[in-house]
Amino acid sequence: MIALRAGSATDVGLVRSNNQDTLLVADPLYAVADGMGGAAAGEVASSLAVEALKNGFDRVGTPTPDSLITAAQTANRTVWDEAEAHPEMRGMGTTLVALALVEGPQLAVINIGDSRLYNLHAGDLRQVTCDHNLVAEMVAEGRISKEEAEVHPRRNIMTRALGVEPEVPVDLFVEEPVVGDRYLLCSDGLPRELSDDHISAIMRRLADPAEAARELVDEAKRKGGNDNITVVVVDVVDVDAADPPPAAAVPAGDEATTAIPAAEQAVPAQAVEPVVERRSRRRFWRRSDRDRRAVRRAVTPRVVGFVLLFLVIVGAGAAGVVWYARSAYFVGLRHSAIVIYQGRPGGVLWMKPTVAQVTSYSTSDVLAVHIPALQAGQEEPSIGAAHSYVQNLVREYQQAQAANSAPTATTPSTTVAPSSPAPTTTVAAPPTT
Ligand code: MN
């Protein structure tokens with residue numbers, strides 16, 4: 001019988017002041033969530049999401065891939081409702097990647113955001129999930145290379161997150177469980193520091209999932225630890241095989257109960273050989289409604305002959321244009337000042353955008369890479385979202401400034417000895433956010 005064995009580890013890293021990641025090990029359900037949002041909101045979002053996912057999943061008698069999706073959507077609603085109820089938490093959200101052994105048996109995987117699930121099969125590491133972030137999409141579209149993506153200033157910008165809208169599209173992947181396969185769920189703090197080859201090497205080297213998880217986190221810290229790092233390592237095992245321990249490890253007194261024939265005990269090495277290829281048909285699909293915006297705007301008059309209906313549609317259309325023109329906000333520039341406008345960039349028909357608020361920031365407070373977007377007008381669904389966008393730009397710039405100044409303070413050329421008692425030297429402290 002197929003079963004899962006897991007080990008996990010999480011760490012705040014070396015730069016962040018709090019750990020906004022949450023992990024779940026609740027056989028047969030495993031998850032990692034990476035929260036975002038000011039103050040404590042990120043932690044609230046990730047832990048709420050994981051708790052709601054587990055409750056939703058536990059409610060169904062026989063879990064299926066669909067019940068995992070439903071549980072993820074319930075989690076989305078839970079975080080959204082919480083944010084709606086507490087204005088100080090507005091805008092909080094989280095990633096969520098989860099793996100569950102469901103009816104079949106199959107392995108169901110759901111993903112929202114840029115946490116990841118990898119599969120290690122016969123020594124080959126493969127990323128199963130697709131990252132929902134701007135840079136990953138640019139790579140997918142062929143606009144930038146994978147190498148450029150790793151250093152791209154907008155690599156933290158997610159295109160999908162749990163809890164930031166009342167509904168969220170959920171990607172689903174279904175895998176056939178193969179005994180001997182290993183899965184890795186992780187927050188972006190791991191791949192940010194370690195290449196896929198490096199991750200693969202650690203996963204192959206350490207047989208115990210808990211040891212592998214610990215080493216992945218420790219290695220990511222050694223390589224920088226710029227973000228919270230969370231990993232769950234899940235092995236697919238066959239419990240009928242009774243996991244025969246190496247002969248030397250079997251206590252003498254247990255021989256009667258384990259009753260392993262001597263001939264089998266003599267070949268313990270075969271027990272850890274890669275298991276026979278059984279992945280004949282690997283099903284794979286993803287749900288995505290990246291086109292939903294286009295669908296929403298596609299107004300097709302179905303019955304052209306009904307004049308009255310036609311007029312109603314025209315009237316509604318005109319109202320829709322007014323609503324469309326005025327319902328949105330965008331962040332743009334007036335000379336060099338960053339300004340929040342109500343309306344659409346460039347205006348719609350006769351309706352020009354109006355200034356909703358002039359922020360205290362200018363183009364010198366944000367990274368140059370964002371200025372084209374500001375010149376074009378960055379659209380946001382609400383004035384609150386526009387504010388968050390500006391705040392994020394400013395924070396990103398400040399973090400970049402801090403990051404630029406940090407290495408110079410720790411180069412070997414400085415004379416600060418670690419044990420120096422002289423308190424006059426200022427050593428760059430990690431930025432607190
Ligand atoms: Mn993260």
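Biologist: What makes you call Asp-197 and Arg-205 on the other side of H5 exposed?

Modeller: Exposed means over 50% relative accessible area, buried means under 20%, and partly exposed is anything in between, using a 1.4 Å probe on protein chains only. Asp-197 and Arg-205 land in the exposed class. Bear in mind that this is a predicted model, where local features need pLDDT of at least 70 and side-chain atom pairs need 80 or more, while totals for chains, interfaces and linings use all residues. Numbering runs from 1 along each chain as its sequence is written, and side-chain values use heavy atoms, with hydrogens and water left out.

Biologist: And why say that the buried residues line one face of H5?

Modeller: Helix H5 covers residues 196–205, and its buried residues are Ile-199, Ser-200, Ile-202 and Met-203. Looking down the axis, they fall within an arc of 165°, so they line one face. The arc is taken over directions from the helix axis to the C-beta atoms. The general rule is that an α-helix has 3.6 residues a turn, so residues three or four places apart point the same way.

Biologist: What covers those buried residues of H5?

Modeller: The cover includes strands S7 (116–121), S8 (124–127) and S10 (182–186), plus helix H6 (209–222). Those labels are DSSP runs numbered from the N terminus: helices are H or I with at least four residues, strands are E with at least two.

Biologist: What makes S1 and S8 edge strands?

Modeller: Two strands pair if DSSP finds at least two bridges between them. Here 5 strands make an open antiparallel sheet, ordered S1-S11-S10-S7-S8. Strand S1 (2–11) and S8 each pair on one side only, which puts them at the edge. From one strand to the next, the twist averages 20°.

Biologist: Why is Cys-186 called buried, and what is Cys-130?

Modeller: Cys-186 has 0% relative accessibility, so it passes the buried test. Cys-130 sits at 28%, so it is partly exposed. A disulfide would need two cysteine sulfur atoms within 2.5 Å, and the count by that rule is 0.

Biologist: What makes the 34 residues a nonpolar core?

Modeller: The set takes buried Ala, Val, Leu, Ile, Met, Phe, Trp, Tyr and Cys residues joined through side-chain atoms within 4.5 Å. In this largest core, Leu-29, Leu-53, Leu-68, Met-92, Leu-96 and Ile-110 touch the most other members. Helix H1 (41–59) and strand S3 (29–36) are among the elements supplying at least two residues each, and H1 gives the most, with 8.

Biologist: Which residues is Leu-68 in contact with?

Modeller: Contact means heavy atoms within 4.5 Å. Skipping neighbours within four places in sequence, the partners of Leu-68 include Leu-29, Leu-53, Phe-57 and Ile-110. Apart from this core lies another one of 19 residues, including Tyr-118, Cys-186, Leu-194 and Leu-216.

Technical notes. Axes are lines fitted to C-alpha atoms, for helices over the stretch in contact, and angles run from 0 to 180 degrees between N-to-C directions.
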